Each structure stands twice: as structure tokens, then as C-alpha cells.
Amino acid sequence: MNYLFGDDFIARPRRELAPGAVHVPNWLTLEQQQWIVARFKEWANGPVPIRSARVGGHEMSVKTVCLGWHWHPYQYTRNAVDVNGNRVLDFPDWMVRLGRKAIVEASGDPNAGDDYTPDTALLNYYDATARMGMHQDKDELSNAPVVSLSIGDTSTFRFGNTTNRSKPYEDITLASGDLFVFGGASRLAYHGITRIHPGTAPADCGLNAGRINITMRVTGLNDQ
Ligand code: SIN
Ligand code: MN
């Protein structure tokens, strides 16, 4: 019973941090986490291998592999023009379904996911020292919500305001299996990862070390 209704159950309630920004702890089962980690390991090998994007001449500490559309600073393309030129893998149907379920969960509205069709996902791998500075997700033409899933080591996630990268912001813990959705008035909120907490991944999540974060988005782009 401690596993089901232990301290964690009380200490990490589901919470709306700001309008449209909802944190749902422990949303993915361990089996779902393991399965996603196994897919991630496949995707990381190609056709576009996982890599650190270069921003302003510097490599990001996070490594990224994309589905659907390839993100590189600061645009989306079908082909990984900054890696090996290969086309990225298609966005999987099961991930569309997962994204819709996440929107329903976060909103509490059983129909809210009906029109949500994410067409890109960025899968970020953080080792123990990786960070992500405060930024907005604003390379999408659509203002549909961003669905974020975390697996592996716990991180400190900084969720800020929509006008600048400094205060007011709030630091929360994103642990393995957590869902975070930011949409509506929070869609363009600044956010980042200030810390990874090594050795905190649950034994059965499929990842021995580090953290995977998946963000699904709707690009609003079409092929021409
Ligand atoms: C991101 O902002 O793209 C990733 C956020 C996270 O790792 O939780
Ligand atoms: Mn982001």
C-alpha cells in the first residue's frame, strides 16, 4: 500500500501552476515508461542519430532526436539539414493518441483531445550535468498546447512567466512518469531545466541513468 498511497502520493498532488499549465505526477505507468525508453533507444540510432544541437556556436548540453519534423535553432524541417540530411521518422500514431489522452487528463474535459494532433516531438536526453536555459517554445505556428513527458532521473523544472526569462518563476520537480501540459495563456511561458538529480530514476523505468523528456507539439506547418 505504501507504493500506491505513500508520501509521494500526498507530496506531489496534481496542480495547475498557472492558467493552462498543469502538472500531473505519475501519469505514465512503469510499463509505458519502459516501452517509450525502448523506442527512444531505437530512434536515437537514426535515420537521424541523436545529437546536441548547436546554438550560437555552442553545443547544447542536451542531446535531441526528433519525430515528424526536425527541430534545429530555430526552425522545423523535414530533413535534418544540420545533421546528416536524412528525413526524420514519421510521427507515430500511438503518440498522437498519447498526446490526446494527455490533453484530456490535463483539462478534465473528455473532448478536449479530439482536435489535438501533434506532428512533432523533441526527445531530449539529459545526462547528470545537462541543463536547459530559460526559453519559450515559439517556433511553432500553432498555439496548440505542448505536452511534456519525463522519464528517468528527476529534474528541477523552472516554469516562468510569458514576458521574460527571470522572476516570477516557480521551480517544481518533474519525476519519472510525470506529465506537464502548457497551453492557453501559458503556451508561451518561459521554462527550463536547472538541475538533474542523478540516481533518482525508478529501477523499473527502463533508463539506468539520465533523463528523457518528450515534448509533443503542433507545428502548424505543411509540406510544400
Ligand atoms: C523543453 O523545454 O523542450 C524541455 C523541457 C524539459 O526537459 O522538461
Ligand atoms: Mn521548451
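## Strands around β10

Strands β10 and β13 (residues 179-182) run antiparallel to each other, paired over 4 bridges. This is a predicted model, so take every distance below as coming from predicted coordinates. Within that pairing, Leu 149 has Leu 179 of β13 as its bridge partner. β10 also pairs with β15, again in the antiparallel sense, and here there are 6 bridges. One spot to look at is Ser 150, which stands opposite Asn 213 in β15.

How many of the residues of β10 (146-152) are buried? The count is 7 of 7, and the strand is mostly covered. As a general point, side chains in a regular strand alternate between the two faces of the sheet.

## The manganese site

Which residues give the protein donors of the manganese ion (ligand 2)? They are His 135 and His 191, each through NE2, and Asp 137 through OD, lying 2.2 Å from the ion. Written along the sequence, the spacing of these donor residues is H-x1-D-x53-H. Asp 137 sits in the loop between β9 (132-135) and β10, while His 191 is in strand β14 (residues 191-197), so this pair ties together parts that are 54 residues apart in sequence.

## Ser 142 in the β9-β10 loop

The loop between β9 and β10 also holds Ser 142. A polar atom of the Ser 142 side chain lies 2.9 Å from the backbone nitrogen of Ala 144. Setting aside residues up to four places away in sequence, Ser 142 touches Arg 187, Val 218, Thr 219 and Gly 220.

## β5, β8 and Thr 120

Next up is strand β5 (residues 63-67): 4 of its 5 residues are buried, so the strand is largely enclosed by the rest of the structure. β5 runs antiparallel to strand β8 (residues 120-126), and 5 bridges join them. For Val 65, the bridge partner in β8 is Leu 123.

How accessible is Thr 120? Its relative accessible area is 0%, which means it is buried. A polar atom of the Thr 120 side chain is 3.1 Å from the backbone oxygen of Leu 67. Beyond its neighbours within four places in sequence, Thr 120 is in contact with a list of residues that includes Leu 67, Trp 69, Tyr 76 and Phe 91. Thr 215, Met 216, Arg 217 and Thr 219 are also in contact with Thr 120.

## Helix α3

Helix α3 (residues 30-43) has 14 residues and spans 20 Å from its first C-alpha to its last, close to the 20 Å expected at 1.5 Å a residue. Its buried residues are Gln 33, Ile 36, Val 37, Arg 39, Phe 40 and Trp 43. Around the helix axis they cover an arc of only 165°, which puts them on the same side of α3. What do the buried residues of α3 pack against? Their packing partners are β5, α4, β8, β10 and β15.

## Helix α4

Helix α4 (residues 93-107) has 15 residues, and the distance from its first C-alpha to its last is 21 Å, close to the 21 Å expected at 1.5 Å a residue. The buried residues of α4 are Met 95, Val 96, Leu 98, Gly 99, Ala 102, Ile 103 and Ala 106. Why can these be said to line one face of the helix? Looking down the axis of α4, the buried residues fall within an arc of 160°, so they line one face.

After α4 comes Gly 108, with a positive phi near 80°.

## Asp 223 after β15

Asp 223 is found in the segment after β15 (211-217). This residue is partly exposed, with a relative accessible area of 45%. Not counting residues up to four places away in sequence, Asp 223 touches Trp 69 and Arg 78. With Arg 78 there is a side-chain to side-chain polar contact of 2.8 Å.

How far apart are Asp 223 and Thr 77 in sequence and in space? They are separated by 146 residues in sequence and by 9.2 Å in space, C-alpha to C-alpha.

Conventions: Residues are numbered from 1 along each chain as its sequence is written. Chains are lettered from A and ligands numbered from 1 in the order in which they are written. This is a predicted model: local features need pLDDT of at least 70, side-chain atom pairs count only at pLDDT 80 or more; totals for chains, interfaces and linings use all residues. Side-chain values use heavy atoms; hydrogens and water are left out. Helices (H or I, at least four residues) and strands (E, at least two) are DSSP runs, numbered from the N terminus. The expected span of a helix is 1.5 Å times one less than its number of residues. Buried means under 20% relative accessible area, exposed over 50%, partly exposed in between (1.4 Å probe, protein chains only). The arc is that of the directions from the helix axis to the C-beta atoms. Contact means heavy atoms within 4.5 Å. A polar contact is a pair of N or O atoms within 3.5 Å; within protein, one must be able to donate a hydrogen and the other to accept it, and residues adjacent in sequence count only if both atoms are side-chain atoms. Two strands pair if DSSP finds at least two bridges between them. Donors are N, O and S atoms within 2.8 Å of the metal (3.2 Å for Na, K and Ca); water is not among the atoms, so sites may look incomplete.
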